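Please look over the structure below before reading the points.

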Amino acid sequence: MMRTLALTVAALLLAGASAAPPPAGRQVFLPAPDAALPARIVDEVNAARTDPAGYARKARTLRNLFVGDRFERPGETVVVTREGAAAVDEAIAFLEQQAPLPALRASPLIDRATADHAADQSRTGATGHIGSDGSGPADRMRRYARWTATGEVIAYGSDRAEDVVLQLIIDDGVPGRGHRRILFNPAYTLIGTACAPHPVWRTVCVLDFARAR
């Protein structure tokens, strides 16, 4: 019987201090992310899992936009990273050595768990894995089914599927590359994803992973 896994990591795709919720009583109106973004993120995750060496080419393209520790994409805000291009180089080396894994199947039940958390953080402006009701990722997923392995990653600040997945793989400043380990964990067979506007970081995308009982 498989040991239950409960792995959770959050990534801020924008540099800076920890996010804080908007002031009490203040309404913040933000445009919703493209409705197709969650499905595109699933496609990107599966592209990385099934052909990691091929996905390394996307990381190399990103690598060309670094100047020291600064990520400079023309026409966009400059992002100051913690590790600079060295983290991208390490991710490229990982992808080139990683064995291909099976694609994950999209799960409507897991989508519901991710949608719960994305909507919660869209309303509160919070970050991280604990919901305003005190629930953790496994709690939210158990509302809809039972699983033998669960994991969650959350990305803030990007509305591009490729950028979301590359940032999770690069894992700048994250000891142990926890996001990457979840994306490439062979125990998982299912994925659910939801995105919502975030009042501090612009967007929040929740990715939950599981293996059915």
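1. Helices (H or I, at least four residues) and strands (E, at least two) are DSSP runs, numbered from the N terminus. On that basis the protein chain has 7 helices and 8 strands. This is a predicted model, in which local features need pLDDT of at least 70 and side-chain atom pairs count only at pLDDT 80 or more, while totals for chains, interfaces and linings use all residues. Residues are numbered from 1 along each chain as its sequence is written, and side-chain values use heavy atoms, with hydrogens and water left out.

2. Of the 213 residues in the protein chain, 48% are buried (under 20% relative accessible area, with exposed over 50% and partly exposed in between; 1.4 Å probe, protein chains only). The chain exposes about 10,100 Å², and carbon and sulfur atoms supply 54% of that area (Shrake-Rupley method with a 1.4 Å probe; for residues, only the protein chains shown count as cover). Among contacts (heavy atoms within 4.5 Å) with a separation of 6 or more, 75% come from residues 24 or more positions apart.

3. How do helices α2 and α6 pack, and at what angle? Helix α2 (residues 52–63) meets helix α6 (residues 161–170) at about 90°, and their axes are 11 Å apart. Axes are lines fitted to C-alpha atoms, for helices over the stretch in contact, and angles run from 0 to 180 degrees between N-to-C directions. The two helices are therefore roughly perpendicular (65 to 115 degrees; under 35 is roughly parallel, over 145 roughly antiparallel, and the rest oblique).

4. Tyr55, Lys58, Ala59 and Leu62 form the α2 side of this contact, and Glu162, Val165, Leu166, Ile169 and Ile170 the α6 side. By class there are 7 nonpolar, no polar and 2 charged residues (Ala, Val, Leu, Ile, Met, Phe, Trp, Tyr, Cys and Pro count as nonpolar, Asp, Glu, Lys and Arg as charged, and the others, Gly among them, as polar).

5. Helix α6 is mostly covered, with 8 of its 10 residues buried. Val165 and Asp163 are among them. Just after α6, Asp171 has a positive phi of about 55°.

6. Glu44 belongs to helix α1 (residues 37–50). Glu44 is buried, at 14% relative accessible area. Leaving aside residues up to four places away in sequence, Glu44 touches Tyr55, Lys58, Ala161, Glu162 and Val165.

7. An open sheet of 3 strands runs in the order β2-β3-β4, with antiparallel pairing (two strands pair if DSSP finds at least two bridges between them). Its edge strands, β2 (66–67) and β4 (79–80), each pair on one side only. Strand β3 (residues 70–71) pairs with β4 over 2 bridges, and Arg70 has Val80 as its bridge partner in β4.
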